[in-house]
Amino acid sequence: HLSQLHMVFLHFEHEFPDQEFPLAHIQSQLLTAFKSHEPRPSKLQRDVSAALTRIGWDHTFEFVTREGLSLDMAQPEAMTA
């Protein structure tokens with residue numbers, strides 16, 4: 001799947017910053033495919049988010065980064081996840 005290849009692209013970019021990803025010419029398609037998948041948070045994720053809110057940890061639930069990664073809980077302004 002194209003969405004899975006986006007994850008390979010991110011890994012490749014991180015591990016081999018001086019090399020060009022072989023499928024770089026379709027990277028925008030990979031990202032679009034990856035972002036098209038809706039997150040499916042578990043009950044445990046929702047429960048943890050609610051508990052963190054109760055103790056005062058203000059956060060965004062299912063925050064999506066510019067790379068298309070979905071973080072369960074994040075404080076984007078503080079760059080904390």
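A residue counts as buried when its relative accessible area is under 20%, and as exposed when that area is over 50%. Keep that cut-off at hand as you walk through this predicted model.

**Stop one: glutamate 62.** Select glutamate 62, which sits in strand E1, spanning residues 60–64. Is glutamate 62 buried or exposed? Its relative accessible area is 14%, so glutamate 62 is buried. Now check the backbone: glutamate 62 has a positive phi of about 55°, although it is not a glycine. Most residues other than glycine have a negative phi.

**Stop two: aspartate 72.** Next, select aspartate 72 in strand E2, which covers residues 70–74. With a relative accessible area of 36%, aspartate 72 is partly exposed. Which residues does aspartate 72 contact, leaving aside its neighbours within four places in sequence? Show Gln45, Thr60, Phe61 and Glu62 to see them; your first stop, Glu62, is among them. Then display the side chains of aspartate 72 and glutamine 45, which are joined by a polar contact of 2.4 Å.

From aspartate 72 to proline 17 it is 27 Å, C-alpha to C-alpha, with the two lying 55 residues apart in sequence.

**Stop three: the largest pocket.** Finish by selecting Ser3, Phe34, Lys35, His37, Glu38, Pro39, Arg40, Val64, Gly68 and Ser70, the residues that line the largest pocket. About 340 Å³ of space lies inside this pocket. Colour the lining by class, and you will find 3 nonpolar, 4 polar and 3 charged residues.

Key:
Residues are numbered from 1 along each chain as its sequence is written. This is a predicted model: local features need pLDDT of at least 70, side-chain atom pairs count only at pLDDT 80 or more; totals for chains, interfaces and linings use all residues. Side-chain values use heavy atoms; hydrogens and water are left out. On a 1 Å grid over the protein atoms alone, a cavity is a set of points where a 1.4 Å probe fits but cannot get out, and a pocket is an open set with protein on both sides within 12 Å along at least five of seven lines; lining residues have an atom within 4 Å of a point. Grid points are joined across faces, edges and corners, and a volume is the space filled by probe spheres set on the points. Ala, Val, Leu, Ile, Met, Phe, Trp, Tyr, Cys and Pro count as nonpolar, Asp, Glu, Lys and Arg as charged, and the others, Gly among them, as polar. Helices (H or I, at least four residues) and strands (E, at least two) are DSSP runs, numbered from the N terminus. Buried means under 20% relative accessible area, exposed over 50%, partly exposed in between (1.4 Å probe, protein chains only). Contact means heavy atoms within 4.5 Å. A polar contact is a pair of N or O atoms within 3.5 Å; within protein, one must be able to donate a hydrogen and the other to accept it, and residues adjacent in sequence count only if both atoms are side-chain atoms.
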